[in-house]
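The sequence and the structure come next, followed by the report itself.

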Amino acid sequence: MTVKKFFKKIVSPFLWLNFLAMGIIVFLLSLGLKYGLDLYTHHGQTVEVPSILHKSFNDAEDMLDKVHLTILVSDTDYVKTLPPDCVLEQSPLEGDIVKPGRVVYVKINASHTPRRPLPDVIDNCSMRDAQSKLAAMGFLLGDVEYIPGEREWVYGIKCQGKQLATGDRVSIEDQLIMQVGDGRLDMSQTLTYVDALTYDFGEEEEEEEVKPVKSRPHYKRQADVHEHETSSERAPSTVSSVSGTVDIPTVSTAPAVPTAPKPVTTE
């Protein structure tokens, strides 16, 4: 390409028209972005949040629409003294300065009592731990029912006469009755109830031992002793008892007592 052709293309009107068009487009985009963001973010516009506490949901929605705010329910709760669907909490709070179009989150009152699942307290903790857990969840506790068992150990929970299990959903207005051990039975003990009329002791039951009756040995009279002078030991004798034959130890006979000779008289 020669120098003449190069300068001819640079000074071409088509090239400068393209540059001009590109500049106009960039200018319009910048201008639209500036005013568009201000319009979208409500730059320089503010409104004050009104108080909608204890108002019905419909009334609160109308009040916020007048100041170009939006209402949205974030949670529910239950207060017995307030009517259903009334506003319990709001965020942002009353008097806060916000921009138009801001969302106001509210908590409304439920139309019925909430039902909450029963925590794992049955046969898992003591009476004090169960009371603290149930009270923290908002359950209503009644009088404690004591049953035989380990002292202050929770064995069951009843509601309206029915036995509850872990995970059952119960209304917070229903009264819960805890069944607690009174200390009359230790957890390590096992009770076995036996019918005395039908219990069989079995053939291997040991009979009551009968003690043998000892018989006192009899000794012969002195006259009989003379007949058996200094004999050897007597043979052992046996005595019958209730349980069998019992050997009686032998007793040595006493030695013969010599008699003095009779005096001889002479006439």
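## Tyrosine 155

Y155 is partly exposed, with a relative accessibility of 29%. That value falls between the 20% under which a residue counts as buried and the 50% over which one counts as exposed. The model is a predicted one, and the values below are computed from it.

Y155 belongs to strand β9, which covers residues 154-159. The side chain of Y155 comes to 2.8 Å from the backbone nitrogen of E150.

## Helix α2

Helix α2 consists of 29 residues, and the distance from its first C-alpha to its last is 42 Å. How many of the 29 residues of α2 are buried? The number is zero, so α2 lies largely in the open.

## An aromatic pair in the helix

One aromatic pair is present in the structure. W16 and F19 form this pair, with 5.8 Å between the ring centres and 70° between the planes, an edge-to-face arrangement. Both residues sit in helix α2 (residues 13-41), and because they are three residues apart there, about one helical turn separates them. An α-helix has 3.6 residues a turn, so residues three or four places apart point the same way.

F19, with a relative accessible area of 46%, is partly exposed.

## A charge over a ring

K34 is placed over the face of Y35. The distance to the ring centre is 4.6 Å.

## A three-stranded sheet

Three strands make up an open sheet in the order β2-β5-β3, and their pairing is mixed. The edge strands are β2 (70-77) and β3 (87-91), each of which pairs on one side only. From one strand to the next, the twist averages 25°.

In what sense do β2 and β5 pair? The pairing of β2 with strand β5 (residues 103-109) is parallel and runs over seven bridges. T76 stands opposite I108, a residue of β5. In general, strands of a sheet pair through backbone hydrogen bonds, either parallel or antiparallel.

Technical notes. Residues numbered from 1 in each chain as written. Predicted model: local features only at pLDDT ≥ 70, side-chain atom pairs only at ≥ 80, totals over all residues. Heavy atoms only, no water. Phe/Tyr/Trp six-rings, centres within 6.5 Å; stacked < 30°, edge-to-face > 60°. Helix = DSSP H or I, 4+ residues; strand = E, 2+ residues; numbered from the N terminus. Buried < 20%, exposed > 50% of the residue type's maximum accessible area, 1.4 Å probe, protein only. Lys NZ or Arg CZ within 6 Å of the ring centre and 35° of its normal. Polar contact = N/O pair within 3.5 Å; in protein donor to acceptor, adjacent residues only side chain to side chain. Expected span 1.5 Å × (residues − 1). Pairing = 2+ DSSP bridges. Axes fitted to C-alpha atoms, helices over the stretch in contact; angles between N-to-C directions.
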